[in-house]
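Biologist: I am new to this structure and would like to go through it with you. Could you put it on the screen before we start?

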Amino acid sequence: MQMGISEVLQFVDKAIYAKTGKHLNDLQHGIIEGILKQQKYSEIADTYRLTEGHVKDVGYELLQMLSDTFNEPVDKGNLKSVLERQGNQNVSFGNNNIFGYINICPDRPATTDESQSKTSKFPTKIDTVSKLRQFGLSDEQIAEALDLPLEVVKQVNLEK
């Protein structure tokens, strides 16, 4: 499965949200897209009418956040390969599964139906929360075991 830039940005946003509870902002989206298009920070700064220094600072923090999220070092030089590796795994965020191979291809239209039909038989982390509760685990233990924010685990009761 190939993903265009917008799908890659959604993939990264979901991964970051699952880890931090926060979505990417416009500048962070622009930095990821710029890195994947091999732009320099100065070019990204020009697009957003910001200083190069500010964009570098935000980019550094973003790459650190991605390193924490994907549990491997991420920098400008390896972002594409990290995303390809991460997308080649069955990655589950909430009720949305992403399964397949990311090939960064900005011209390809978005298609997610293929991946959703392939992953419908795999339980999501959210489905697993209820099962772990049946075994007597606390929300804190579940959050740690599934690497989810505690707030997300607590929300499972509210949704059902």
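Biologist: Leaving aside its neighbours within four places in sequence, which residues is F70 in contact with?

Modeller: Please keep in mind that this is a predicted model. Apart from those sequence neighbours, F70 is in contact with F11, A15, V82, L83 and Q86. F70 itself lies in helix α4.

Biologist: Is F70 buried or exposed?

Modeller: F70 has a relative accessible area of 7%, so the residue is buried.

Biologist: How far apart are F70 and I16, in sequence and in space?

Modeller: In sequence, 54 residues separate F70 from I16, while their C-alpha atoms are 9.1 Å apart in space.

Biologist: You listed F11 among the contacts of F70. How many aromatic pairs are there?

Modeller: The count comes to one aromatic pair. Its members are F11 and F70, with ring centres 6.1 Å apart and planes at 10°; the pair is stacked because planes under 30 degrees apart count as such.

Biologist: Which parts does the pair tie together?

Modeller: F11 belongs to helix α1 and F70 to helix α4, residues 52–70, so the pair links parts that lie 59 residues apart in sequence.

Biologist: And is F11 buried or exposed?

Modeller: F11 counts as buried, because its relative accessibility is 1%.

Biologist: Let us turn to helix packing. At what angle do α1 and α5 pack?

Modeller: Helix α1, residues 5–20, packs against helix α5, residues 79–87, at an angle of about 75°, and their axes are 12 Å apart. The two helices are therefore roughly perpendicular to each other.

Biologist: Which residues meet there?

Modeller: From α1 come V8, F11 and V12, and they meet L83, Q86 and G87 of α5. By class, this contact of α1 with α5 has four nonpolar residues, two polar ones and no charged ones.

Biologist: What about α2, how many of its residues are buried?

Modeller: Helix α2 spans residues 26–36 and is mostly covered, with eight of its 11 residues buried. The buried residues are L27, Q28, G30, I31, I32, G34, I35 and L36.

Biologist: What covers them?

Modeller: The cover over the buried residues of α2 includes α1, α3 (41–48), α4 and α5.

Biologist: Now the backbone. What is the phi of Q38?

Modeller: Phi of Q38 is near 60°, which is a positive value in a residue other than glycine. Q38 is placed in the loop between α2 and α3. With a relative accessible area of 72%, Q38 is exposed.

Biologist: And what is the phi of R49?

Modeller: R49 is not a glycine, yet its phi is positive, at about 55°. This residue is found in the loop between α3 and α4. R49 counts as exposed, because its relative accessibility is 81%.

Biologist: Changing topic, what lies over the face of Y41?

Modeller: That is K76, at 4.1 Å from the ring centre of Y41.

Biologist: Is D139 buried or exposed?

Modeller: D139 is buried, since its relative accessible area is 16% and the cut-off for buried is under 20%.

Biologist: Which residues is D139 in contact with, leaving aside its neighbours within four places in sequence?

Modeller: Beyond those neighbours, D139 is in contact with R133, L150, V153 and K154.

Methods:
Residues numbered from 1 in each chain as written. Predicted model: local features only at pLDDT ≥ 70, side-chain atom pairs only at ≥ 80, totals over all residues. Heavy atoms only, no water. Axes fitted to C-alpha atoms, helices over the stretch in contact; angles between N-to-C directions. Helix = DSSP H or I, 4+ residues; strand = E, 2+ residues; numbered from the N terminus. Parallel < 35°, antiparallel > 145°, perpendicular 65-115°, else oblique. Contact = heavy atoms within 4.5 Å. Nonpolar A, V, L, I, M, F, W, Y, C, P; charged D, E, K, R; others polar. Phe/Tyr/Trp six-rings, centres within 6.5 Å; stacked < 30°, edge-to-face > 60°. Buried < 20%, exposed > 50% of the residue type's maximum accessible area, 1.4 Å probe, protein only. Lys NZ or Arg CZ within 6 Å of the ring centre and 35° of its normal.
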